[in-house]
Amino acid sequence: MNLSKTKEFSLTDKELKHLRDYGYVGPFDLYESDEIKAIWRRERIRLLDRTNAIYKENTISGSTNIANYDRHLDNEFLAKHICLPQITHRLSSLVGENLTCWRSEFFPKYPGDAGTDWHQADTFENAGGKPQLVWPDSSGFGGTLSVWTAFSDTDRNSACLQFIPGTHEEMFYDEHKAMEYNPELNDKLERNGERKSFFGYDYRNLQKDSDWEPDESKAVSIEMKAGQFVIFWSTLMHASHAHKGLDNQPMRMGYSVRYVPSFVDVYPNLEEITQFGGSISLENYGTVVVSGENLNSKNKVATHTMGGTPFSDYRE
Ligand SMILES: O=C(O)CCC(=O)C(=O)O
Ligand SMILES: [Fe+2]
């Protein structure tokens, strides 16, 4: 892959090696902790207004569902966030200059919520039955780079992320296998005494080997201050701790933004996505080129936010 020249926030050689060897790197500072907490107090209210949100029909409410996908297309703070050079420079130093953001989503965890169960994603076919992301055969890569930003402090007791370092190059799950949406599953699964679930699915149904179990003894917990972000491949084994609801710790909010080089096929031959018991039209959807140019004429590109601001205003 053609790597871009060093920029202000490019990863150092050591960080690049960490990302290549372990599948993740960070956390890095992005916002001041007080600053993001104040911004988030304001934006979470703004986000309740869905007038310009691109997904409207069939979006059922729940803690994670398609209704909270892609709000960077209608919310100006998020539109700017996905383009920040602290993020794009770092990603470009790994996969090259031409970068597309194809999805963002919120991961709220309220006090008492189960953690997210272990999973890996390559094509994101997992719940919808059709691949959402397809790399060219020759690239030898797959999955997406996820940039998960903490909008609140998050530690082991309040649902911080967990990774099993170095697992990003082997898929332990087969995303062709079927999973059925059943929200009642959310309270059923425990691992080492801690509740884990996968947003109404049982991700274990996708295991290639039904007797296999993730080796949690190798897991690392990624505690983060509000305003920090971590970069990881979606093919890395990842999960989160439960929110134990101790000491009045507030809900934790993570905002995960997904990026790929702009040559990757996004939603190939798809006009709608079906997931989480809902289905939504991609009519108003577009990828956002956050750095360089679009190299895939088949991908739909959004050049402006729904409010009319050109994304180029937010790019470096
Ligand atoms: O925040 C979480 O609990 C899970 C996040 C996740 O799975 C992701 O960002 O891909
Ligand atoms: Fe994930």
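The shell around ligand 1 (residues whose C-beta atom, placed from the backbone, lies within 6 Å of the molecule) has three nonpolar, seven polar and no charged residues. Here Ala, Val, Leu, Ile, Met, Phe, Trp, Tyr, Cys and Pro count as nonpolar, Asp, Glu, Lys and Arg as charged, and the others, Gly among them, as polar. The model is predicted: local features need pLDDT of at least 70, side-chain atom pairs count only at pLDDT 80 or more, and totals for chains, interfaces and linings use all residues. Residues are numbered from 1 along each chain as its sequence is written, while chains are lettered from A and ligands numbered from 1 in the order in which they are written.

The shell comprises Phe-107, Thr-116, Ser-146, Trp-148, Leu-161, Ser-234, His-238, Ser-240, Gly-254 and Ser-256. Two or more of these residues come from each of β5 (145–150), β11 (237–240) and β12 (252–261); strands are DSSP runs (E, at least two residues), numbered from the N terminus.

An open sheet of six strands runs in the order β1-β10-β5-β12-β2-β16 with antiparallel pairing, where a pair requires at least two DSSP bridges. Its edge strands, β1 (24–29) and β16 (288–291), each pair on one side only. Strand β2 (residues 99–109) is joined to β12 by 10 bridges in the antiparallel sense, and Leu-99 has Pro-261 of β12 as its bridge partner.

Val-230 contacts Trp-148 and Leu-161, and also Tyr-24, Gly-26, Pro-27, Ile-222 and Met-224, when neighbours within four places in sequence are left aside; contact denotes C-beta atoms, placed from the backbone, within 7 Å.

Conventions:
Helices (H or I, at least four residues) and strands (E, at least two) are DSSP runs, numbered from the N terminus. Two residues are in contact if their C-beta atoms, placed from the backbone, lie within 7 Å.
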